[in-house]
Amino acid sequence: MDERGDVKMSQKFDELKQKLKNVDKEKAGQLVKDVKQAHDDGDIDENEKKELMSEAKKAAGSDAAGGLGGLGK
């Protein structure tokens, strides 16, 4: 991947991570979708996706598995 692609990935990762810091349970599901879409679009890599998904589950609380409708898989 070229240098610009790496910068684009880092910017998207940072953007999504910042959103997760301010998310509530209702928005966590949408953020999981955003993370998956960013990965599918090539904006974040697999490791970044895993980290963001973990953060989203924490943000959703202890009922993350059910609360996110299995989106965290």
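Lys-12 forms a salt bridge with Glu-15, their closest N and O atoms being 3.7 Å apart; a salt bridge is a side-chain nitrogen of Lys or Arg within 4 Å of a carboxyl oxygen of Asp or Glu. The structure holds 3 salt bridges. This is a predicted model, in which local features need pLDDT of at least 70, side-chain atom pairs count only at pLDDT 80 or more, and totals for chains, interfaces and linings use all residues. Residues are numbered from 1 along each chain as its sequence is written, and side-chain values use heavy atoms, with hydrogens and water left out.

- Lys-12 and Glu-15 both lie in helix 1, 3 residues apart, about one turn of the helix; helices are DSSP runs (H or I, at least four residues) numbered from the N terminus.
- Glu-15 also forms a salt bridge with Lys-19, with 3.7 Å between the closest N and O atoms.
- Glu-15 and Lys-19 are 4 residues apart in helix 1, again about one turn of the helix.
- Lys-12 counts as partly exposed because its relative accessibility is 23%; buried means under 20% relative accessible area, exposed over 50%, and partly exposed in between (1.4 Å probe, protein chains only).
- Glu-15 is partly exposed at 38% relative accessibility, and Lys-19 is partly exposed at 39%.

- Glu-51 forms a salt bridge with Lys-17, the closest N and O atoms lying 2.3 Å apart.
- Glu-51 belongs to helix 3 and Lys-17 to helix 1, so this pair ties together parts that are 34 residues apart in sequence.
- Glu-51 counts as partly exposed, with 34% relative accessibility, and Lys-17 is partly exposed at a relative accessible area of 23%.
- Through salt bridges that share partners, Lys-12, Glu-15 and Lys-19 are joined into one network.

- Leu-16 is placed in helix 1 (residues 3–21).
- Leu-16 counts as buried because its relative accessible area is 1%.
- Not counting residues up to four places away in sequence, Leu-16 touches Leu-31, Asp-34, Val-35, Ala-38, Ile-44 and Leu-52; contact means heavy atoms within 4.5 Å.
- Leu-16 and Lys-49 are separated by 33 residues in sequence and by 9.8 Å in space, C-alpha to C-alpha.

**Lys-49, a buried charge**

- Lys-49 lies in helix 3 (residues 46–60).
- Lys-49 is buried yet has no salt bridge, and the nearest side chain of opposite charge, Glu-46, is 4.6 Å away; Lys and Arg count as positive and Asp and Glu as negative, while His and the chain ends are not counted.
- Lys-49 touches Val-35, Lys-36, His-39 and Ile-44, not counting residues up to four places away in sequence.

- Helix 2 (residues 25–40) has 16 residues and should span 22 Å at 1.5 Å a residue, which agrees with the 23 Å between its end C-alpha atoms; the expected span of a helix is 1.5 Å times one less than its number of residues.
- The buried residues of helix 2 are Ala-28, Gly-29, Leu-31, Val-32, Val-35 and Ala-38.

How values were computed:
Helix = DSSP H or I, 4+ residues; strand = E, 2+ residues; numbered from the N terminus.
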